[in-house]
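Me: I would like to work through this structure by asking about it piece by piece. Please show it before we start.

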2 protein chains.
Amino acid sequence: RLVLGTGQGTRDHPPAQAALRDRLLSTVVSCFKRHGAAAIDTPVLELRETLMGKYGEDTKLIYELQDQRGELLALRYDLTVPFARYLAMNKITNIKRYHIAKVYRRDNPATTRGRYREFYQCDFDIAGQFDPMIPDAECLKIVHEILSDLQLGDFVIKVNDRRILNGVFAVCGVPENKFITACSTVDKLDKVPWEEVRSEMVGEKGLSPEAADRIGEYVQLHGGLDLIEQLLQDPKLSQNKLAKEGLSDMKLLFEYLTLFGITGKISFDLSLARGLDYYTGVIFEAVLLQQENEHVEELVGVGSVAGGGRYDGLVGMFDPKGRKVPCVGVSIGIERIFSILEQRLKASGEKLRTTETQVLVATPHKQLLAARLKLISELWDAGIKAEMLYKKDPKLLKQLQYCEDTGIPLAAIVGEQELADGVVKLRDVSTREEVRV
Amino acid sequence: RLVLGTGQGTRDHPPAQAALRDRLLSTVVSCFKRHGAAAIDTPVLELRETLMGKYGEDTKLIYELQDQRGELLALRYDLTVPFARYLAMNKITNIKRYHIAKVYRRDNPATTRGRYREFYQCDFDIAGQFDPMIPDAECLKIVHEILSDLQLGDFVIKVNDRRILNGVFAVCGVPENKFITACSTVDKLDKVPWEEVRSEMVGEKGLSPEAADRIGEYVQLHGGLDLIEQLLQDPKLSQNKLAKEGLSDMKLLFEYLTLFGITGKISFDLSLARGLDYYTGVIFEAVLLQQENEHVEELVGVGSVAGGGRYDGLVGMFDPKGRKVPCVGVSIGIERIFSILEQRLKASGEKLRTTETQVLVATPHKQLLAARLKLISELWDAGIKAEMLYKKDPKLLKQLQYCEDTGIPLAAIVGEQELADGVVKLRDVSTREEVRV
């Protein structure tokens with residue numbers, strides 16, 4: 001039996017997909033560079049222990065390798081934990097970096113609808129002790145720029161703060177050891193109605209019905225500066241130290257976002273919780289509001305296309321002395337955006353070129369391979385992107401057909417006459433105009 | 001115990017290294033695109049069976065993952081076998097593609113001197129049934145272009161053909177089942193003298209001393225077109241069908257390389273064997289001849305910086321009906337070239353910028369954060385690469401120092417006066433010249 005396939009949840013990217021992905025990534029990288037980020041690279045293979053205890057329940061999704069003579073290795077689950085490991089290991093306390101690379105999650109095939117086990121992440125992070133909310137505001141600006149640059153349609157960036165959420169839980173009477181679990185339940189509010197979330201809180205998570213109801217009043221709120229002011233006046237919440245800190249910082253954040261001119265797309269949303277354990281402050285998530293094309297919506301689903309937040313404690317988990325390096329970062333949901341662009345391209349019928357060849361070196365009759373080889377070599381040496389057919393005596397029609405099929409705009413034709421005159425006939429493939437040069 | 005490290009033979013690439021690598025890769029990719037190649041991407045995770053039986057003895061170096069509920073996965077060992085699997089799986093019979101990605105080899109730590117277990121490969125391949133030696137010649141042209149573009153110093157590209165080698169073994173009396181093992185012994189000739197190779201042949205490999213001596217007469221030959229002509233007249237070799245085919249094709253190859261104007265750097269070298277099992281025709285390897293800098297030579301070692309060849313049987317191994325797709329390809333030894341460039345950069349004392357920031361937005365006194373945020377936002381929106389310090393009230397000196405440290409050429413300074421006049425003071429960091437704009 002001959003096995004011919006790829007592993008579950010992994011896939012090849014043929015040229016058309018790879019070209020679209022390149023185009024998408026170059027938009028994202030341009031933005032990261034515009035904001036002064038440097039590139040770094042970390043291994044796909046990490047020590048197993050580096051990844052353990054960082055992802056809560058999802059730790060079970062980590063791919064592990066067979067024991068390498070006592071060295072236990074695993075495939076990275078995201079780019080954030082390796083980044084924190086890198087900072088702690090090299091005692092770096094100040095960096096702005098981006099990293100685009102594949103990560104690995106052994107997601108349950110049953111739950112894997114349009115989700116992959118090997119996929120790209122696209123991260124930008126700012127590490128360092130700075131004045132509050134300035135780097136956080138830049139992360140939101142970056143999300144705004146990228147989603148605008150990619151012309152994905154209307155979007156909103158939901159913002160919240162883990163400290164505000166924890167304050168809400170505290171004033172609603174949730175015991176502190178249930179904050180994280182309450183958080184992950186609230187996180188479902190973007191997919192299911194409050195009633196369902198409430199019953200999970202009261203049932204599975206064991207909160208009192210009164211606490212759940214009180215939480216419900218808060219987490220269904222969303223708005224802008226008004227809401228922040230209102231909550232700062234809230235008799236209960238304003239008494240909670242963490243919530244107050246979070247709300248003051250949120251106010252500052254909105255001030256900065258106003259200067260950036262992007263508050264129109266920002267929503268302070270108390271239902272936003274984000275799954276990961278390591279967030280400690282601001283959290284955010286960008287959602288596409290609608291697709292201009294119904295067909296696309298159906299296939300891809302409208303959902304989160306970027307997210308991130310502040311994680312001030314993660315680096316400290318790797319430092320022998322627990323020294324903290326405050327970090328805030330954003331991850332662009334490149335796979336989802338890629339699916340949207342791919343569907344859109346398909347719907348438009350546009351064909352993306354997979355190569356950049358400018359000219360095909362062609363001959364109108366036989367016995368001219370030497371002339372083609374000589375000319376193409378000169379073109380390459382001059383930095384021109386050129387191809388020729390790998391046949392000794394190809395028909396001219398075949399050569400021109402190749403141009404049409406692959407989108408090569410020009411053909412440089414050398415025949416006996418051209419050779420004798422020391423010229424080349426340059427033909428515009430689409431207009432069929434020819435000039436001798 | 002806190003574990004803080006990376007796995008054996010893996011490493012992080014901090015910004016300076018990542019920037020150098022980006023520069024290097026962009027030179028290589030430019031060349032691949034100049035020759036009309038499309039990008040493809042295949043998974044790092046391959047089915048274990050895809051990789052088995054393709055690498056001879058080196059199969060033991062493949063990293064295997066823990067059983068995923070019956071799915072046995074492994075990390076790719078190179079990009080060539082996954083490429084062949086991709087072609088067979090999608091029934092592609094004609095493509096020119098490049099692929100730059102990491103591969104994994106569980107090399108013995110003892111033998112790992114400057115070799116990594118996770119490293120980049122950089123491959124260009126042409127698949128399809130074409131007239132002989134045209135794509136093969138292009139692969140050599142590509143190696144020539146890349147090594148020239150990178151200004152690595154003088155180099156030579158050794159060329160041979162597996163059919164010629166097999167012909168040599170046949171006429172020297174080596175039994176056919178010992179061709180591959182004889183091949184791998186000959187392959188050592190670039191590192192050890194003939195005497196040692198001979199004794200391995202006679203000892204370990206069990207060839208007769210006479211056969212070994214006869215082989216020795218051939219494999220120590222190298223030259224150009226003259227040598228090809230001479231061997232075509234060789235009374236024994238010219239009687240061997242395979243050798244004759246190989247020699248005629250080699251002659252054709254030299255004809256094409258002459259048209260490309262690159263025979264000056266090409267050496268037909270009968271000692272070149274190349275380790276991998278799957279080669280079936282032309283094989284080649286580029287070697288740097290000398291370093292302009294002795295220090296570099298010592299640290300990095302002068303060795304192969306590119307290699308490749310023709311493998312017409314590999315795709316057929318994946319096709320249920322064994323249909324063959326002829327392929328020829330080249331792999332650029334990016335890790336070795338990277339080490340050379342890195343050492344050279346270090347020796348030169350030059351500091352490579354890790355970011356591309358064009359301007360730092362700065363303020364000369366306090367209370368101007370809002371002005372900075374407004375200005376930088378305008379710059380970003382205009383596509384200008386801009387940074388600012390993440391402090392509310394940074395000292396001007398600190399801001400200018402940051403420019404000098406990170407190589408930012410310009411500072412855009414806004415103070416009360418500039419705000420009142422509606423201008424910005426643009427300062428050239430190195431000359432200290434200032435203009436108001």
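Me: Is B:Leu379 buried or exposed?

Reply: This is a predicted model, where local features need pLDDT of at least 70, side-chain atom pairs count only at pLDDT 80 or more, and totals for chains, interfaces and linings use all residues; side-chain values use heavy atoms, without hydrogens and water. Residues are numbered from 1 along each chain as its sequence is written, while chains are lettered from A and ligands numbered from 1 in the order in which they are written. Buried means under 20% relative accessible area, exposed over 50%, and partly exposed in between (1.4 Å probe, protein chains only). The relative accessible area of B:Leu379 is 16%, so this residue is buried.

Me: How far apart in space are the C-alpha atoms of B:Leu379 and B:Val361?

Reply: B:Leu379 has its place in helix 14 of chain B; helices (H or I, at least four residues) and strands (E, at least two) are DSSP runs, numbered from the N terminus. In sequence, B:Leu379 and B:Val361 are 18 residues apart. From C-alpha to C-alpha, the separation is 9.3 Å.

Me: What is phi of A:Gln367 near?

Reply: Most residues other than glycine have a negative phi. A:Gln367 is not a glycine, but its phi is positive. The residue sits in the loop between strand 12 (359–362) and helix 13 (369–381) of chain A, and at 70% relative accessibility it counts as exposed. Phi of A:Gln367 is near 65°.

Me: What is the relative accessibility of B:Gln367?

Reply: B:Gln367 also has a positive phi, about 65°, although it is not a glycine. On chain B, the loop that holds B:Gln367 runs between strand 12 (359–362) and helix 14 (369–381). B:Gln367 counts as exposed, because its relative accessibility is 69%.

Me: How many residues apart in sequence are the parts that A:Glu145 and A:Arg34 tie together?

Reply: A:Glu145 and A:Arg34 form a salt bridge (a side-chain nitrogen of Lys or Arg within 4 Å of a carboxyl oxygen of Asp or Glu), and their closest N and O atoms are 2.7 Å apart. A:Glu145 lies in helix 4 (residues 134–149) of chain A and A:Arg34 in helix 1 (residues 15–34) of chain A, so the parts tied together are separated in sequence by 111 residues.

Me: Which residue of chain B is in the network of salt bridges with A:Arg34 and A:Glu145?

Reply: A:Glu145 is buried at 5% relative accessibility, and A:Arg34 is buried at 11%. Their network of salt bridges includes A:Lys141 and A:Asp149. From chain B, the network takes in B:Asp381.

Me: Which residue of chain A meets B:Lys102 in a salt bridge?

Reply: The distance in this salt bridge is 3.2 Å, N to O, and the partner of B:Lys102 is A:Asp41. B:Lys102 lies in strand 4 (residues 95–104) of chain B and its partner in the loop between strand 1 (38–39) and strand 2 (45–47) of chain A, so the pair joins two chains. B:Lys102 is buried, with a relative accessible area of 9%. The partner is buried too, also with a relative accessible area of 9%; the name asked for is A:Asp41.

Me: How many salt bridges does the structure hold over all chains?

Reply: One within chain B is between the side chains of B:Asp161 and B:Arg163, at 2.8 Å, N to O. B:Asp161 counts as buried at 0% relative accessibility, and B:Arg163 counts as buried at 13%. Over all chains, the number of salt bridges is 66.

Me: How far apart are the C-alpha atoms of A:Leu75 and A:Val168?

Reply: A:Leu75 is in strand 3 (residues 73–75) of chain A and counts as buried, at 0% relative accessibility. Along the chain, A:Leu75 and A:Val168 are 93 residues apart. Their C-alpha atoms are separated by 37 Å.

Me: How far apart do the C-alpha centres of domain 1 and domain 2 of chain A lie?

Reply: Chain A has 15 helices and 16 strands, and 56% of its 437 residues count as buried. Its domain assignment (automatic or from a database) gives domain 1 (15–348) and domain 2 (359–436). The distance between the C-alpha centres of the two domains is 52 Å.
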